[in-house]
Amino acid sequence: MAMTRLAAALALAAPLLLGAAPRADDWHDPALSPDRRAALVLAAMTREEKLAMVIGDFASDQVGKPDAHPPAAAREGSAGYVPGVPRLGIPPLWEADAAMGVATQPTARTSRPAVALPSTLATIASWDEGVARAGGAMIGGEARRYGFNVLLAGGINLTREPRNGRNFEYGGEDPLLAGRMVGAQIAGIQSNHIVSTVKHYVLNAQQTDQFTLDARIDPAALRQSDLLAFQIAIERGRPGAVMCAYNIVNGAYACENAPLLRDVLKARWGYPGWVMSDWGAVHSTVASANAGLDQESAATFDAQPYFGAPLAAAIDAGQVPAARLDDMVRRILRAMFANGLFDHPVAIAPIDTAADTAVSQDAAERGAVLLRNARATLPLRAAALRRIVVIGGHADAGVLSGGGSSQVHPRGGSAVKGLAPTGWPGPVIYLPSSPLAELRRAMPGVTIDYLDGRDPAAAARAAARADAAIVFATQWTAESQDTSLTLPDAQNALIDAVARAAPRSVVVLETGGAVLMPWAERVDAILQAWYPGAGGGAAIARLLTGAVNPSGHLPITLPRDDRAGRCRPFGGAPTPGARFTVDYCEGAAVGYKAFDRDGIAPLYPFGHGLSYTRFAFAAPRIARDARGLHATTVIRNTGARTGAAVAQLYVERVGGGWEAPRRLAGWARRTLAPGARQAATIAIDPRLLATFDTAGGQWVIAPGRYRFRIGASSRDLGPPVDIVLPATRFGA
Ligand code: BGC
């Protein structure tokens with residue numbers, strides 16, 4: 001029998017109000033499972049309360065809708081708000097973007113300056129799950145202190161299109177690397193008793209016409225690539241929510257895609273959390289609800305609200321089972337219980353900017369990739385230098401960050417004001433951490449001049465007078481627009497002019513992802529610093545001067561030209577607004593896998609990254625124990641400095657049959673003193689040895705010979721070790 005409102009209120013709220021011990025089978029009892037607690041609360045909810053929980057508001061003013069304002073209880077300037085149910089003690093959902101930190105828009109009444117991590121791609125480049133977890137814990141901590149209990153972080157789409165303007169927010173090319181690193185970041189975020197979201201499910205691989213783009217891909221290939229990345233991240237991070245994407249996948253919008261949401265995510269993987277839509281990604285009531293969408297986010301972005309009243313009508317008409325509404329709400333409540341949203345309510349508290357910046361700087365130092373270091377140009381030695389010139393990239397003021405919904409606003413605003421675009425997806429923000437100031441601090445006896453780089457001839461003259469020239473090359477990329485692989489504003493010509501004139505030339509890249517480097521062989525050193533975050537200036541100075549030994553490795557391929565490695569044209573709909581198809585013909589051969597399959601030489605391969613020391617890796621020993629297959633190697637530091645090595649394990653199927661010659665099968669990162677050696681054991685996920693059989697719904701390891709090598713990159717591999725495996729099938 002249904003409880004009355006009053007009875008339910010008394011039953012559920014009394015223990016909290018009176019401070020009494022919970023009664024048996026009371027949702028307040030933390031000893032009960034999240035499932036049980038969710039079921040108890042659900043049973044006390046009215047239909048109206050349930051319907052209100054599956055549709056959200058935007059929590060900022062919306063461009064073009066001057067009369068629509070966020071609800072008073074929302075955190076103004078943020079991405080989303082879903083009211084709670086006070087009579088039952090259900091807290092609201094306060095949702096903030098996202099990947100690099102608390103990303104809210106300053107308004108006339110409120111601002112939340114936050115500490116930005118380096119781009120997600122930079123964190124991935126550390127190949128260090130500890131870095132990803134610490135970064136997640138830091139931004140989750142700030143979210144909590146700003147009163148947010150849902151962080152829309154956890155972007156993991158694979159880099160299928162190097163021109164995608166959001167690659168900086170995402171996980172790179174490899175499903176294992178992306179899955180483990182983003183999973184660790186999510187776990188770190190959720191360690192703050194808040195929910196994190198993994199997104200955008202799935203194949204949100206370009207910005208151009210993403211609302212009308214139908215991503216076509218072979219379902220098995222999808223399981224082995226982008227879906228595998230999501231699957232691993234979900235297993236490792238257990239995010240409370242999954243955000244479905246804007247685009248269409250194999251004919252159905254991602255947020256009404258039954259094969260992806262209902263069948264794979266929920267039925268096959270047993271995902272217990274909730275699916276929220278991206279902001280403006282819902283196109284239907286019945287199809288979405290029945291396909292597995294659990295919550296319509298910020299309905300004002302959709303053509304009309306599709307949940308709420310239309311969902312009630314669809315249930316009344318028998319088009320959506322009432323049990324589906326219960327399932328939606330149960331999933332949301334369960335994730336809230338599992339992550340402590342009831343037991344540890346968020347409370348506004350001050351941010352420790354210095355401590356959080358140190359976390360960010362550590363990630364930047366471990367994720368920067370030394371691409372080239374001819375003539376041992378780096379590290380810069382103060383004792384051997386009298387004059388350095390730093391050129392361009394606003395290095396006197398700060399470091400670049402990426403634009404769009406993930407934009408973190410630093411205290412005091414951008415270090416460079418007024419750069420276009422000042423409106424969406426801008427403003428362009430330089431975080432106030434000056435590489436120039438930090439270099440001067442690090443090398444007090446050296447004269448360090450600065451030129452803005454707008455005059456290449458003047459830059460060349462200054463470079464000729466200096467012992468070394470450092471060019472900071474930047475490319476701003478952002479959500480909602482794709483990018484070119486060519487550095488803007490004639491920076492290639494600037495680099496060429498400086499390289500010709502300088503006795504030593506160094507390029508520091510602050511880019512969202514890959515750019516072409518026609519000058520790569522003409523400069524002495526290249527440091528890929530990505531968007532290096534709130535401590536980026538200090539991180540870059542410490543890397544260049546050797547206070548920190550570079551240890552990042554590329555999570556993407558850096559190509560020699562902008563067509564290499566892709567089998568499809570790039571662009572948008574021939575008719576604006578019309579649905580159009582992008583054939584992801586590379587299937588599971590994303591990034592380096594296509595380069596390897598087609599025998600294309602990249603400029604710098606996946607996995608590449610130099611150090612100021614040298615490492616040697618022993619050929620792997622492959623063994624099986626109760627937990628499965630693993631590889632053991634010995635890593636030695638054969639150089640003269642302490643440094644961190646990343647031993648990368650690649651596997652080939654001898655005789656072919658895979659999407660590509662080799663796959664990353666695992667890695668181990670170890671910090672070693674000069675002369676030191678350490679054994680490392682790398683567990684091998686059996687899915688990396690298998691292909692997916694969609695008809696049988698299983699992973700299949702074909703019988704035969706498998707070849708393992710340890711390498712310093714995907715193109716720098718040690719001796720092979722073969723094993724023979726029997727035919728094996730296992731579930732999803
Ligand atoms: C983005 C999401 C983001 C949402 C809310 C959308 O434009 O695609 O990643 O979380 O906005 O700001």
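Strands here are DSSP runs of E with at least two residues, and helices are runs of H or I with at least four; both are numbered from the N terminus. The model is predicted: local features need pLDDT of at least 70, side-chain atom pairs count only at pLDDT 80 or more, and totals for chains, interfaces and linings use all residues. Residues are numbered from 1 along each chain as its sequence is written, and side-chain values use heavy atoms, without hydrogens or water.

Stay with isoleucine 388. Its relative accessible area is 0%, so this residue is buried. Buried means under 20% relative accessible area, exposed means over 50%, and partly exposed lies in between (1.4 Å probe, protein chains only). Arginine 440 sits 52 residues from isoleucine 388 along the chain, and their C-alpha atoms are 9.8 Å apart.

Now step back to the domains. The protein chain is divided into domain 1 (363–545) and domain 2 (613–731). These bounds come from an automatic or database domain assignment. Taken over C-alpha atoms, the two centres are 35 Å apart.

Next, residues 645–714. An unreviewed UniProt entry gives this stretch the feature "domain: Fibronectin type III-like". Such annotations may be inferred rather than shown by experiment. The stretch is 63% strand and 0% helix, and its end C-alpha atoms are 14 Å apart.

Look at strand β24, residues 662–672. Nine of its eleven residues are buried, so the strand is largely enclosed by the rest of the structure. Strand β23 (residues 643–653) runs antiparallel to β24, joined to it by ten bridges. Two strands pair if DSSP finds at least two bridges between them. Valine 646 has arginine 669 of β24 as its bridge partner.

Finally, the cavities. A cavity is a set of points, on a 1 Å grid over the protein atoms alone, where a 1.4 Å probe fits but cannot get out; lining residues have an atom within 4 Å of a point. Volume is the space filled by probe spheres set on the points, which are joined across faces, edges and corners. The structure holds six cavities of 30 Å³ or more.

The largest cavity has about 140 Å³ of space. Its lining has 17 residues, with Pro162, Glu173, Arg566, Gly591 and Phe595 nearest the centre. Eight of the lining residues are nonpolar, four polar and five charged. The second largest cavity has about 100 Å³. Fourteen residues line the second largest cavity, and Met100, Ala116, Leu117, Ser401 and Gly402 lie nearest its centre. That lining has eight nonpolar, six polar and no charged residues. Asp, Glu, Lys and Arg count as charged; Ala, Val, Leu, Ile, Met, Phe, Trp, Tyr, Cys and Pro as nonpolar; the others, Gly among them, as polar.

Terms used
1 Å grid on protein atoms, 1.4 Å probe; cavity = no way out; pocket = protein on both sides within 12 Å on 5 of 7 lines; lining within 4 Å.
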